[in-house]
Amino acid sequence: MARAGRKTLDCDVMVTSVARAYVGIPADLGLSLSSKSLVSGLLSTEGDQGFIAVDASVVDAVTSLRTTGVLPRSEAVDEDVEKTATSIQAALMRPFLTLFLVSWAVAASSARGRKDPGTGDLITGYSIGNPVSIARTLLLAMPPGEMIRFTIVVELGGRVAGEVLVAFPVRRIEPAASSP
């Protein structure tokens, strides 16, 4: 996240916490996505589907940094108002989120002695799809199966805090069943 912030925003971005949770089916994530401004699908080269969802505060901060070079004040963002990111905001977010995913996958794949060596395989090879206006539609279109959700709390420039949710299907890290 820090690399993506430096390269695409010229701003310090710090991850303050990460939580990992298993979710039984994609539709169970609907409530988690209802408060997110930007929700986009993730698609791997193999056809696996995931999603990425970003708070309005992060979307507004990244949009402001990419257009004006100025980080808005944290109180300028009204978090109680539910809104959907515009197509322009989604386009401005794409380089930041793409570099974040790529950097995360590289770091997870190259880390030695990890407790969970499957994370690199789990998050590698995804590209960001188009944003959706109704998160439930995206979740209902996903194939059934357990997913891993990462809740990442970020801070931009020491002034704006927000949350990024990323979910990937578990079946990517499960070994293939051997045929008799």
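Helix α3 is largely enclosed by the rest of the structure, because 10 of its 12 residues are buried. Buried here means under 20% relative accessible area, exposed means over 50%, and partly exposed covers the values in between (1.4 Å probe, protein chains only). This is a predicted model, in which local features need pLDDT of at least 70 and side-chain atom pairs count only at pLDDT 80 or more, while totals for chains, interfaces and linings use all residues. Residues are numbered from 1 along each chain as its sequence is written, and side-chain values use heavy atoms, with hydrogens and water left out.

The buried residues of α3 are Ala-56, Ser-57, Val-58, Val-59, Asp-60, Ala-61, Val-62, Thr-63, Ser-64 and Leu-65. Their cover includes α1 (2-9), β2, β3, α4, β5 (147-156) and β6; contact means heavy atoms within 4.5 Å. From first C-alpha to last, the 12 residues of α3 reach 16 Å, close to the 16 Å expected at 1.5 Å a residue. The expected span is 1.5 Å times one less than the number of residues in the helix. After α3 comes Gly-69, with a positive phi near 80°.

The axes of α3 and α4 come within 9 Å and cross at roughly 85°. That makes α3 roughly perpendicular to α4. Axes are lines fitted to C-alpha atoms, for helices over the stretch in contact, and angles run from 0 to 180 degrees between N-to-C directions. Angles under 35 degrees count as roughly parallel, over 145 as roughly antiparallel, 65 to 115 as roughly perpendicular and the rest as oblique. On the α3 side the contact involves Val-58, Val-59, Asp-60, Val-62, Thr-63, Arg-66 and Thr-67, and on the α4 side Gln-89, Ala-91, Leu-92, Met-93, Pro-95 and Phe-96.

**The chain as a whole**

The protein chain has six helices and six strands, arranged along the sequence as α-β-α-β-β-α-α-α-β-α-β-β. Helices (H or I, at least four residues) and strands (E, at least two) are DSSP runs, numbered from the N terminus. Of the 180 residues in the protein chain, 44% are buried. Among contacts between residues at least 6 apart in sequence, 73% join residues at least 24 apart.

**Salt bridges**

A salt bridge is taken as a side-chain nitrogen of Lys or Arg within 4 Å of a carboxyl oxygen of Asp or Glu. The whole structure contains two salt bridges.

| Salt bridge | Closest N and O atoms |
|---|---|
| Lys-36 and Asp-55 | 2.8 Å |
| Glu-163 and Lys-36 | 2.7 Å |

Salt bridges with shared partners join Lys-36, Asp-55 and Glu-163 into one network. Lys-36 forms a salt bridge with Asp-55. Lys-36 lies in the loop between α2 (30-33) and β2 (38-44), and Asp-55 in the loop between β3 (49-54) and α3 (56-67), so this pair ties together parts that are 19 residues apart in sequence. Lys-36 is buried at 8% relative accessible area, and Asp-55 is buried at 14%. Glu-163 forms a salt bridge with Lys-36. Glu-163 lies in strand β6 (residues 160-169) and Lys-36 in the loop between α2 and β2, so the pair ties together parts that are 127 residues apart in sequence. Glu-163 is partly exposed, with a relative accessible area of 23%.

**Aromatic residues**

The structure holds five aromatic pairs. In one of them, Phe-100 and Trp-104 are stacked, at 5.5 Å centre to centre and 20° between the planes. Rings of Phe, Tyr and Trp (its six-membered ring) pair if their centres lie within 6.5 Å; planes under 30 degrees apart count as stacked, over 60 as edge-to-face and the rest as tilted. Both Phe-100 and Trp-104 belong to helix α4 (residues 87-110), where they are four residues apart, about one turn of the helix. One aromatic cluster is formed by Phe-100, Trp-104, Tyr-126, Phe-150 and Phe-168.

Phe-100 and Trp-104 are both buried, Trp-104 at 18% relative accessibility. Leaving aside neighbours within four places in sequence, Trp-104 is in contact with Ile-123, Phe-150, Ile-152, Val-166 and Phe-168. The C-alpha atoms of Trp-104 and Ile-123 are separated by 7.9 Å, and the two residues are 19 residues apart along the chain.

**A positive phi in a loop**

Asp-10, a residue other than glycine, has a positive phi, near 55°. Most residues other than glycine have a negative phi. Asp-10 is placed in the loop between α1 and β1 (13-23) and counts as exposed at 72% relative accessibility.
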